[in-house]
Amino acid sequence: MNNTDAEHLIEMAKEARENSYSPYSNFPVGAALMTPAGEIYTGTNVENGVNGLSLCAERVALFKAISEGEREFEKLAVVCGDTFCRPCGACRQTLKEHAPDLTVIMADTSGNYEIKSLKELLPKAFGLDEA
Ligand code: THU
């Protein structure tokens, strides 16, 4: 992972975070997902007054990219606030379906970050192919 990619993705995730619709949690999140060709798709969390209908930033970015025809993903940056942002379990499982070899950059809004593979974040994951 080169630092330039990580820092660029974090910047894009921070920008996406500014569009967060999170009046219930007041917890804005931004994500930026990069394809092998270097295309970047961003997402932010979009909440709903009906429990269960909110969507996380990571899945918004992923679904945007898939709906644009993308099928392969290399890197994801996530930014929440002043601590490193940890993708939730539902996002880890959803990302695993499309990008099992994904690199995940968990950042804070000051630009500090930690990098882990999705396999480290979701060990022994469920998959129909592995069942
Ligand atoms: N959230 C994300 O968007 N991504 C994460 O990885 C963790 C949580 C959102 C969901 C909800 O809108 C808010 O953060 C608080 O849980």
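## Report on a predicted chain and its ligand

Helix α2 is followed by Gly69, a residue whose phi is positive, near 100 degrees. This angle, like every value below, comes from a predicted model.

Helix α2 spans residues 57-67 and is mostly covered, with 8 of its 11 residues buried. The buried positions are Ala57, Glu58, Arg59, Val60, Ala61, Leu62, Ala65 and Ile66, and the elements that cover them include the strands β1 (30-34), β2 (40-44) and β3 (75-79) together with helix α3 (89-98). In α3, the buried residues are Cys91, Arg92, Thr94, Leu95 and Lys96, and these pack against α2, β3 and α4 (118-121).

**The chain as a whole**

The chain contains 4 helices and 5 strands, which, read along the sequence, follow the pattern α-β-β-α-β-α-β-β-α. For 131 residues, a compact globule would have a radius of gyration near 14 Å, and the chain agrees with this because its own value is 14 Å. Taken along the principal axes, the C-alpha atoms fill a box of roughly 40 × 35 × 30 Å. Of the 131 residues, 44% count as buried, and the accessible surface of the chain comes to about 7200 Å², of which 49% belongs to carbon and sulfur atoms. Among contacts between residues at least 6 apart in sequence, 61% join residues that are at least 24 apart.

**The ligand site**

Which residues are found around the ligand? They are Ser25, Phe27, Val29, Asn45, Glu47, Cys56, Ala57, Glu58, Arg86, Pro87 and Cys88. By class, this shell consists of 6 nonpolar, 2 polar and 3 charged residues. Two of the shell residues, Ala57 and Glu58, are also among the buried residues of α2.

| Residue | Part of the residue | Distance to a ligand oxygen atom |
|---|---|---|
| Glu47 | side chain, N or O atom | 2.4 Å |
| Glu58 | side chain, polar atom | 2.5 Å |
| Cys88 | backbone, polar atom | 3.4 Å |

Taken alone, the ligand exposes 370 Å², and the protein buries 78% of that area.

**Ala107 in strand β4**

Ala107 has its place in strand β4, which covers residues 103-107. Ala107 counts as buried because its relative accessibility is 0%, where the cut-off for a buried residue is under 20%. When residues up to four places away in sequence are not counted, Ala107 touches Ile10, Val78, Val79, Cys80, Thr83, Phe84, Cys85, Asn112 and Tyr113. Glu120 lies 13 residues from Ala107 along the chain, and the C-alpha atoms of the two are separated by 17 Å.

Asn26 has a positive phi of about 50 degrees although it is not a glycine, and its place is in the loop between α1 (3-17) and β1. Is Asn26 buried or exposed? Asn26 counts as exposed because its relative accessibility is 61%, and the cut-off for an exposed residue is over 50%. Lys124, which is likewise not a glycine, has a positive phi of about 50 degrees and lies in the segment after α4. With a relative accessible area of 87%, Lys124 is therefore exposed as well.

Definitions and conventions. Residues numbered from 1 in each chain as written. Predicted model: local features only at pLDDT ≥ 70, side-chain atom pairs only at ≥ 80, totals over all residues. Heavy atoms only, no water. Near = heavy atom within 4 Å. Polar contact = N/O pair within 3.5 Å; in protein donor to acceptor, adjacent residues only side chain to side chain. Areas by Shrake-Rupley, 256 points an atom, 1.4 Å probe, with all protein chains shown as cover. Nonpolar A, V, L, I, M, F, W, Y, C, P; charged D, E, K, R; others polar. Helix = DSSP H or I, 4+ residues; strand = E, 2+ residues; numbered from the N terminus. Rg over C-alpha atoms; globule rule 2.2 N^0.38 Å. Buried < 20%, exposed > 50% of the residue type's maximum accessible area, 1.4 Å probe, protein only. Contact = heavy atoms within 4.5 Å.
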